[in-house]
Amino acid sequence: MKPTRRDLATGSGALLAMGALGTPAVLGQAKPRVVVVGGGPGGATAAKYIARDSQGAIAVTLVEENETYQTCFHSNLYIGGFKSYDAIVHRYGTLAATYGITLVRSRATQIDREGKQIVLADGQRIPYDRLVLSPGIDLKYDSVPGWSKEAEEAMPHGWKPGRQTQLIKQKLDAVPDDGTIVMICPPNPYRCPPGPYERASMFAHVLKTTGRTKARIVILDPKESFSKQGVFMPDWEKRYGAMIEWLGPKVHDGIKSVDPKTGTVVTGFETYENCAFVNVIPAQMAGAIARDAGLAPAGGYCAIDPATMKSTADSNIFVLGDACNAGDMPKSAFSANNQAKVAAMVVRSELVGGPNFPARYFNTCWSLVDTDDAIKVGGRYEPKDGRIAAVESFISQPGESDEVRKQTQAENMAWYDAICADMFS
Amino acid sequence: MVRDGTDRRSARFQAGLALLGCSALLVTPGHAAGDPALGAYLASECTACHQLSGRSTGGIPPIVGWPEQQFVAALDSYGRKQRDNPVMQTIAARLSPEEMAALAAYFGSLQPKP
């Protein structure tokens with residue numbers, strides 16, 4: 001089904017109608033073809049905006065192996081009991097029905113850059129004129145000694161949505177009153193910089209509100225500091241007393257090993273035995289399909305042109321979201337959604353013409369600390385000196401009034417609904 | 001009393017300000033005559049938080065269908081940090097008068113979905 005008149009009129013699909021059309025970059029074929037790999041905040045947004053803004057002049061295919069998208073963002077609110085699991089699950093149907101996007105439910109395994117084709121798990125190939133890659137992260141299973149893919153049931157990461165998220169909640173619900181939760185945090189750069197600390201807050205909220213006030217949460221961090229630390233830590237003390245203990249690397253002296261069978265974590269400072277559960281959030285890197293295609297260094301993220309979101313290694317490929325190195329922009333859903341709009345504009349302009357405005361970027365990350373107590377950090381960014389550079393930033397302040405924190409949480413909830421509508425509706 | 005469309009849009013606008021806790025009087029700079037194509041692009045930054053349908057779940061006000069001058073006035077006052085909200089202050093600070101007018105023209109041209 002093609003976009004409706006209203007969708008085209010109200011969307012920036014109007015861009016094509018109102019702008020002077022340039023010469024299409026792709027001649028001699030019915031429609032230029034765009035393949036989008038990954039249906040998260042980067043990919044779903046890019047697919048929608050390219051299809052909508054080109055008014056059907058570009059054939060857009062979205063390759064996503066999962067039937068639904070389960071948001072990482074707000075998965076901590078599920079863990080904290082503020083949302084049902086169903087509330088963080090979304091479907092792709094509108095992208096096909098309203099915007100004419102072809103949905104391919106399969107895993108994209110390889111990029112044939114020379115042939116400009118995507119290879120699916122079943123060997124099928126999909127040709128493209130432009131490829132938008134938004135595969136998210138892969139976990140480095142060897143980044144914590146003793147931990148592995150096999151250990152992720154006993155010591156879950158919960159850093160990719162789905163069963164892992166639910167496993168974290170199950171284990172939290174089973175923590176005894178005097179139990180100890182150990183959270184091992186990842187080194188920079190990783191998905192959702194404030195995420196581990198919001199999660200610790202949700203752990204404490206659940207423990208406190210279920211009367212398990214003797215339980216404690218130990219955060220072992222490889223970083224000297226963390227996102228919104230100056231706001232999180234006083235709030236933890238105010239809300240949860242001594243329940244949450246954060247230890248930086250100078251204190252714990254490194255994670256020496258974990259034993260998933262016994263629930264043991266050994267650091268240079270102390271050994272934690274018989275932990276109620278251990279949440280290992282490991283180091284991360286760009287998704288395999290990007291690394292395997294030579295778009296990212298081993299174990300790293302994809303370099304991009306900050307003015308276009310194009311890979312610096314291949315001008316036909318755009319890399320969005322957690323998989324790219326976006327300079328000062330954090331790896332967040334907001335960032336990925338924002339970057340997708342820059343890429344969509346460039347793709348549409350290159351393939352079917354229309355205006356191409358200078359890239360600009362923005363991000364905000366909200367984190368819930370307790371009921372009606374949320375904090376936020378964000379800023380605006382611009383291409384500068386070959387990278388996306390921060391221009392101005394803002395952050396919640398310690399000691400803000402209850403009313404401000406309540407309003408911040410109301411924003412957080414409204415943002416979730418808006419960004420999901422922006423991606424999927 | 002018969003209310004025309006402008007009155008209804010103004011009422012929605014005022015409701016939006018109320019949601020943000022804004023009480024400052026509106027300033028009304030000159031007529032907005034924005035470029036809708038530029039506005040459509042710039043609007044993509046807004047739609048991460050403000051739904052294009054005009055729907056809202058309360059914490060972030062709808063911005064669809066506002067009178068253009070009032071829309072520009074609100075952005076202008078955020079840019080001058082006369083209204084409280086660091087997200088909006090940061091966004092508005094980098095918008096030129098032409099860009100504010102473009103956004104006003106674009107969002108003003110839309111009607112909220114039921």
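**Local features of the predicted model**

His74(A) is found in the loop between strand 3 (68–70) and helix 4 (75–79) of chain A. Helices (H or I, at least four residues) and strands (E, at least two) are DSSP runs, numbered from the N terminus. The model is predicted, so local features need pLDDT of at least 70 and side-chain atom pairs count only at pLDDT 80 or more, while totals for chains, interfaces and linings use all residues. Residues are numbered from 1 along each chain as its sequence is written, chains are lettered from A and ligands numbered from 1 in the order in which they are written, and side-chain values use heavy atoms, with hydrogens and water left out.

His74(A) is not a glycine, yet its phi is positive, at about 75 degrees. The residue is buried, with a relative accessible area of 5%. Buried means under 20% relative accessible area, exposed over 50%, and partly exposed in between (1.4 Å probe, protein chains only). Gln55(A) also has a positive phi, near 50 degrees, and is likewise a residue other than glycine. Its place is the loop between helix 3 and strand 2 of chain A. At 33% relative accessibility, Gln55(A) is partly exposed. Ser54(A) belongs to the loop between helix 3 (41–53) and strand 2 (59–63) of chain A. Ser54(A) is buried, at a relative accessible area of 1%. Another loop of chain A runs between strand 11 (180–184) and helix 7 (195–209), and Pro189(A) is found there. The peptide bond from Asn188(A) to Pro189(A) is cis, and its omega is near -10 degrees.

Strand 6 (residues 108–112) and strand 7 (residues 117–120) run antiparallel and are joined by 4 bridges. Strands count as paired if DSSP finds at least two bridges between them. Ala108(A) stands opposite Leu120(A) of strand 7.

Helix 8 (residues 229–240) of chain A has 12 residues. From first C-alpha to last it reaches 15 Å, close to the 16 Å expected at 1.5 Å a residue. The expected span is 1.5 Å times one less than the number of residues. Within helix 8, Gln229(A), Val231(A), Phe232(A), Asp235(A), Trp236(A) and Tyr240(A) are buried. Seen down the helix axis, these buried residues fall within an arc of 155 degrees (taken from the directions from the axis to the C-beta atoms), so they line one face of helix 8. The face turned away from the buried side carries the exposed residues Glu237(A) and Lys238(A). After helix 8 comes Gly241(A), with a positive phi near 60 degrees.

Over all chains, the structure holds 22 aromatic pairs. One of them, Phe226(A) with Trp236(A), is stacked, at 5.9 Å centre to centre and 25 degrees between the planes. This pair links distant parts of the chain, 10 residues apart: Phe226(A) is in the loop between strand 12 (216–220) and helix 8, and Trp236(A) is in helix 8. Phe226(A) is buried at 7% relative accessibility. Trp236(A) is buried too, with a relative accessible area of 3%. A further stacked pair is Phe334(A) with Trp415(A), at 6.3 Å centre to centre and 10 degrees between the planes. Phe334(A) lies in helix 11 (residues 333–352) and Trp415(A) in helix 12 (residues 402–424), so this pair also links distant parts of the chain, 81 residues apart. Both Phe334(A) and Trp415(A) are buried. Rings of Phe, Tyr and Trp (its six-membered ring) pair if their centres lie within 6.5 Å; planes under 30 degrees apart count as stacked, over 60 as edge-to-face and the rest as tilted.

Charged groups also sit over rings. The charged end of Lys331(A) lies over the ring of Tyr301(A), 3.6 Å from its centre. In chain B, Arg83(B) lies over the face of Tyr78(B), at 5.9 Å from the ring centre. Such a contact requires NZ of Lys or CZ of Arg within 6 Å of the ring centre and within 35 degrees of the ring normal.
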